[in-house]
Every structure is written in structure tokens, then in C-alpha cells.
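Have the model open while you read.

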Amino acid sequence: MRGVGLIGALLLMLGACNPNDVEKARYYSEGMYLYEKHCLNCHGDDGRGLGELYPPLVGNDYVAQHKAAVVCGIKWGMAGEIVVDGITYNQPMPGHEELYPLEIAELITYIQNSWGNEADKTSIEEVEAALKTCRNQQ
């Protein structure tokens, strides 16, 4: 997987005309590494999840519609039911408290631009704002 993702990131960078495209490609590349390290075991190499245990990230409407909750889930973990693409999942997700806002932004950028998904780069500011919200709820 790593080779294919790096090739895609390099092609994205080669076609980049402005600094924002280069930064998005860098976030994507770093996010791929973080995904492999922290997410691949449950969400799969292909982002299709694990049956009805762990939700897919391919075409996932939840990530796009609930980005702040995803940020908080990556940092602090998730528990309870969520509905993804019309299917209810209720498996706890461990948090990764060691990740910095930049790493979470890179990870979400990778997820939202892999397996046919397309989105803008997630900014550090978005992640920090979401983390303030979820930190206040704990």
C-alpha cells in the first residue's frame, strides 16, 4: 500500500501549481503513514472496514458530515452507536492521545482523499477548534 500511496502523492505534487496543492500532498503522504500505523488494523488496507464491526472509510458520509466528531474520536476515542452509510456501528474505537493536531489533520486529509474520496486538506486550525470543543465536553 505504501508504494501506491507515495506514487499518488508524488503525482499530486508534480501536478501541483500552487503551495496549497503541495501542502495537501505532504499532508496526504504523512497521513498515509499515520493511517498504516493507527487505523489499518480495523478499517483495512482498502478502507472498507471490517463487516459490521468497524465502519468503512470509502465514500464514508460520516467523516465528511461530522469532521469535529472524527477529530475528537481520533484523539480521545469513540464509544456508542454511530450510523455510517445507513449501517449502525457500536464498536469502541481507541483514542490516540499521543497524536498532535498536525498529525490528526494529516490523517484526516489522507482518509478524505483516498479510495475515491475527494476533499480539501484539513487544517491544523480545524483540528484545534474541534479539540477545544470535545475537551470542554469531557
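**The largest pocket**

A total of 28 residues line the largest pocket, and H43, P55, L57, M78 and M93 are the ones nearest its centre. This is a predicted model, where local features need pLDDT of at least 70 and side-chain atom pairs pLDDT 80 or more, while totals for chains, interfaces and linings use all residues. Numbering starts from 1 along each chain as its sequence is written, and side-chain values use heavy atoms, with hydrogens and water left out.

- A pocket here is an open set of points on a 1 Å grid over the protein atoms alone, where a 1.4 Å probe fits, with protein on both sides within 12 Å along at least five of seven lines; lining residues have an atom within 4 Å of a point.
- The volume comes to about 440 Å³.
- Two or more lining residues come from each of α3 (40-43), α4 (61-65), α5, β1 (82-84) and α6.
- α3 is the top contributor to the lining, with 3 residues.
- By type, the lining has 20 nonpolar, 8 polar and no charged residues.

**Where α5 meets α6**

- Helix α5 (residues 67-76) and helix α6 (residues 101-111) have axes that come within 11 Å and cross at roughly 120°.
- The crossing of α5 past α6 is right-handed.
- On the α5 side, K67, V70, V71, I74 and K75 meet I104, L107 and I108 of α6 (heavy atoms within 4.5 Å).
- Those contact residues split into 6 nonpolar, no polar and 2 charged.

Definitions and conventions:
Axes fitted to C-alpha atoms, helices over the stretch in contact; angles between N-to-C directions. Helix = DSSP H or I, 4+ residues; strand = E, 2+ residues; numbered from the N terminus. Left-handed = near helix turned anticlockwise from the far one by under 90°. Nonpolar A, V, L, I, M, F, W, Y, C, P; charged D, E, K, R; others polar. Points joined across faces, edges and corners; volume = space filled by probe spheres on them.
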